[in-house]
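This report describes selected local features of one protein model.

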Amino acid sequence: MKRLATVGDNCVDIYPQLGKAFSGGNAVNVAVYSTRYGMHPACVSWVGQDDYGAMLRRDLADKGVDISHLQAMPGVTAQTQVELHDNDRFLGDYTEGVMAEFSVSEQDLEWLKEYDIIHSAIWGHAESAFPALKAAGKILSFDFADKWESPLWRTLPPYLDYAFASANEENAWLRDRLQTIVQCGAGVAIATLGENGSLAWDGQQFWRMPPKQVEVVDTMGAGDSYIAGFLCAVANGLPLQEAMQQGTECAARTIGYHGAW
């Protein structure tokens with residue numbers, strides 16, 4: 001199995017309605033979810049020197065994630081206020097904390113070259129490392145979430161093997177956009193569509209995967225778990241359709257409980 005490392009954003013998701021806080025963030029979530037498939041991942045990021053930072057480091061270590069490059073910096077850990085409405089989650093106030101100044105150091109970059117698959121996301125401040133990682137022959141994955149107007153769409157696709165984003169449904173605009181992303185250099189463009197499943201374009205054809213029908217408790221982490229399941233399938237050499245299926249199954253498991261993991 002190829003080795004996976006994630007880079008970038010983390011946060012503590014605070015649920016006032018439940019009186020609880022959960023460790024989360026794209027890089028953190030993808031790393032943790034990958035352990036479901038026997039992966040021993042690493043996470044490169046910054047947390048604050050506060051109670052939430054200590055909690056996040058402890059939670060990741062307990063899940064089997066290498067936190068040797070998850071640094072505790074002076075300041076506060078990123079925090080997101082989360083509200084639940086009919087089992088769907090809505091993100092409220094966000095405090096970026098120390099992650100506002102995060103960047104991939106030269107030491108981090110050399111260490112990441114020991115891994116095969118590197119994943120980051122739109123909030124991760126890691127995009128400057130992608131050219132060097134691509135030159136080192138790494139498999140690169142990036143989640144643009146629902147930020148379809150981000151300027152990173154113009155610069156990152158040539159370095160990406162897998163470009164992920166989210167939308168509500170399949171339509172002509174989305175199909176055209178996925179095709180354009182691949183034309184701009186990405187290997188495969190994948191859109192997660194919530195209750196409508198997922199759609200991918202590999203440069204030759206579209207691939208569709210319906211959602212798995214399960215009872216929804218909390219949608220937090222659904223997209224991140226899809227990515228983790230997908231990348232673990234890639235790590236095992238499985239074809240695109242099987243990667244999409246494994247991503248779907250991983251997401252279905254996640255939405256059955258409160259919090260990301």
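Which residue takes a positive phi in the hairpin of β2 and β3? Gly 19 does, with a phi near 65°, and the hairpin has four residues between its strands.

## Basis of the values

The model is predicted: local features need pLDDT of at least 70, side-chain atom pairs count only at pLDDT 80 or more, and totals for chains, interfaces and linings use all residues. Residues are numbered from 1 along each chain as its sequence is written, and side-chain values use heavy atoms, with hydrogens and water left out.

Helices (H or I, at least four residues) and strands (E, at least two) are DSSP runs, numbered from the N terminus. Buried means under 20% relative accessible area, exposed over 50%, and partly exposed in between, with a 1.4 Å probe and protein chains only.

Strand β2 covers residues 11–15, and five of the five are buried, so the strand is largely enclosed by the rest of the structure. Cys 11, Asp 13 and Tyr 15 point one way from β2, while Val 12 and Ile 14 point the other way. Both sets are buried.

Two strands pair if DSSP finds at least two bridges between them. β2 is joined to β3 (residues 20–24) by five bridges, and these strands run antiparallel. With β6 (residues 79–85), β2 pairs in the parallel sense over three bridges. Val 12 takes part on both sides: it stands opposite Ser 23 in β3 and opposite Gln 79 in β6.

Helix α1 is mostly covered, with nine of its nine residues buried. Among them are Asn 26, Asn 29, Tyr 33 and Ser 34, along with Val 28, Val 30 and Val 32.

Helix α8 (residues 240–254) has 15 residues and reaches 21 Å from its first C-alpha to its last. This is close to the 21 Å expected at 1.5 Å a residue, where the expected span is 1.5 Å times one less than the number of residues. The buried residues of α8 include Leu 240, Ala 243, Met 244, Gly 247, Cys 250, Ala 251 and Thr 254. An α-helix has 3.6 residues a turn, so residues three or four places apart point the same way. The cover over the buried residues of α8 includes helices α1 (26–34) and α7 (222–235) and strands β11 (188–192), β12 (198–201) and β13 (206–209). Contact here means heavy atoms within 4.5 Å.

## Salt bridges

The structure holds five salt bridges, each defined as a side-chain nitrogen of Lys or Arg within 4 Å of a carboxyl oxygen of Asp or Glu. One of them joins Lys 113 to Glu 110, with the closest N and O atoms 3.1 Å apart. Lys 113 counts as partly exposed at 29% relative accessibility, and Glu 110 counts as partly exposed at 46%.

Asp 161 forms a salt bridge with Lys 134, the closest N and O atoms being 3.4 Å apart. This pair links distant parts of the chain, 27 residues apart: Asp 161 is in the loop between α5 (152–155) and β10 (162–166), and Lys 134 is in helix α4. Arg 208 forms a salt bridge with Glu 170, where the closest N and O atoms are 2.6 Å apart. Arg 208 lies in strand β13 and Glu 170 in the loop between β10 and α6, so the pair ties together parts that are 38 residues apart in sequence. Salt bridges that share partners join Glu 170, Arg 175 and Arg 208 into one network.

Arg 177 is in helix α6 (residues 172–183). Arg 177 is buried yet has no salt bridge, and the nearest side chain of opposite charge, Glu 149, is 4.7 Å away. Lys and Arg count as positive and Asp and Glu as negative, whereas His and the chain ends are not counted. The side chain of Arg 177 reaches the backbone oxygen of Trp 148 at 2.8 Å. Leaving aside neighbours within four places in sequence, Arg 177 is in contact with Trp 148 and Trp 153.

Glu 127 is in the loop between β8 (117–121) and α4 (130–135) and counts as partly exposed at 26% relative accessibility. Beyond its neighbours within four places in sequence, Glu 127 is in contact with Leu 152 and Leu 156. Glu 127 and Gly 8 are 119 residues apart in sequence and 9.3 Å apart in space, C-alpha to C-alpha.

Key. A polar contact is a pair of N or O atoms within 3.5 Å; within protein, one must be able to donate a hydrogen and the other to accept it, and residues adjacent in sequence count only if both atoms are side-chain atoms.
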